[in-house]
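Let's take a look at a protein with a ligand. Have the structure open while you read.

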Amino acid sequence: MHKTVFITGASRGIGRATALRFAMDGWRVGIGYHTSDAEARALIAALAELGTMATAVRGDVASAEDAVRMVQETRTALGHIDVLINNAGIAHTALFTDTDYAAWRRLFTVNVDGAYHCTEAVLPDMISRRSGVILNVSSIWGLVGASCEVAYSASKAALIGFTKALAKEVGPSGIRVNCIAPGVIDTDMNAALNHEARAELAEQTPLCRLGSAEEVAEVLLFLASDAASFITGQVLSPNGGLVV
Ligand code: NAD
């Protein structure tokens, strides 16, 4: 039987690669996207070519209303949601002393509140079916902290606490909640890094390179699958061995 995954922030990067990987594995795929209609349409076409049922829903995860609507529209198109991947996120690089409260709030509103709203929208149905998986995309910086990314690191650390606590709460209802904390991945989020900064990050990584979105997608697929049926409340960090 086909299962359905709903992935937020899926028009590009890790979300896009994950949508394609799940489709290759026979899943029905709901993609949430923020503003990029053309990219979302292109992804839906690519998913259709893989022979999967897919739908794209536009919305801002920072809005509770949008999150509820995106989940409802996905269910209408594809049936109940078996797996939610809270992938949508934004970064902010600045000294803490140059990070104003508005920037701090924006990071938390998208990265943390976004996961809250989408989780709140899918959970009641998962609880009544006594089945479901929630995967949160944190970051290695949420584990160890990054200089000049205090707000980002704090928001990603919040997702780790959210994962661990929720896993305890909903485990008895048959729902698994896990988190990934990727190292440096070659996506648009790091597009602003210059050549030297990328080389330095690659050098700090024992596998001597940045990771790919496809490598992260494999980890998400594993955690969503029955192969991970006894894994909950965990943080898995695909990071090329980066320990900082
Ligand atoms: P990306 O910038 O390509 O993707 C982020 C996605 O989130 C985009 O599709 C964007 O449209 C979407 N998004 C942003 N704000 C949104 C909002 N308010 N509502 C809905 N969607 C919104 O970067 P990525 O690397 O693919 O990032 C995916 C996730 O992985 C993010 O949560 C990011 O923090 C996390 N991550 C990335 C790296 C990395 O090095 N690239 C490392 C660790 C974790």
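Here is a short tour of the ligand, its surroundings and the pockets.

## Where the ligand sits

Keep in mind that this is a predicted model. The ligand sits in the largest pocket, which has a volume of about 1,200 Å³. That pocket is lined by 49 residues, and Gly 89, Ile 90, Ala 91, Tyr 152 and Met 189 lie nearest its centre.

Sort the lining by class and you get 23 nonpolar, 19 polar and 7 charged residues.

## Who surrounds the ligand

Now zoom in on the shell around the ligand. There are 28 residues here, with Arg 12, Asp 60, Asn 87, Tyr 152 and Thr 187 coming nearest. Three helices, α1 (13-24), α4 (101-129) and α6 (150-170), each supply at least two residues of this shell. By class, the shell holds 11 nonpolar, 12 polar and 5 charged residues.

Which atoms pair up? An N or O atom in the side chain of Thr 187 is 2.6 Å from an oxygen atom of the ligand. On its own the ligand would expose 820 Å², and the protein buries 95% of that.

## The second pocket

The second largest pocket has a volume of about 180 Å³. It's lined by 15 residues, with Gly 211, Glu 215, Pro 238, Asn 239 and Gly 240 closest to its centre. Its lining splits into 7 nonpolar, 6 polar and 2 charged residues.

Note on methods
Residues are numbered from 1 along each chain as its sequence is written. This is a predicted model: local features need pLDDT of at least 70, side-chain atom pairs count only at pLDDT 80 or more; totals for chains, interfaces and linings use all residues. Side-chain values use heavy atoms; hydrogens and water are left out. A residue is near a molecule or strand if one of its heavy atoms lies within 4 Å of it. A polar contact is a pair of N or O atoms within 3.5 Å; within protein, one must be able to donate a hydrogen and the other to accept it, and residues adjacent in sequence count only if both atoms are side-chain atoms. Accessible areas come from the Shrake-Rupley method with a 1.4 Å probe; for residues, only the protein chains shown count as cover. On a 1 Å grid over the protein atoms alone, a cavity is a set of points where a 1.4 Å probe fits but cannot get out, and a pocket is an open set with protein on both sides within 12 Å along at least five of seven lines; lining residues have an atom within 4 Å of a point. A molecule sits in a cavity or pocket if more than half of its atoms lie within 2 Å of its grid points. Helices (H or I, at least four residues) and strands (E, at least two) are DSSP runs, numbered from the N terminus. Ala, Val, Leu, Ile, Met, Phe, Trp, Tyr, Cys and Pro count as nonpolar, Asp, Glu, Lys and Arg as charged, and the others, Gly among them, as polar. Grid points are joined across faces, edges and corners, and a volume is the space filled by probe spheres set on the points.
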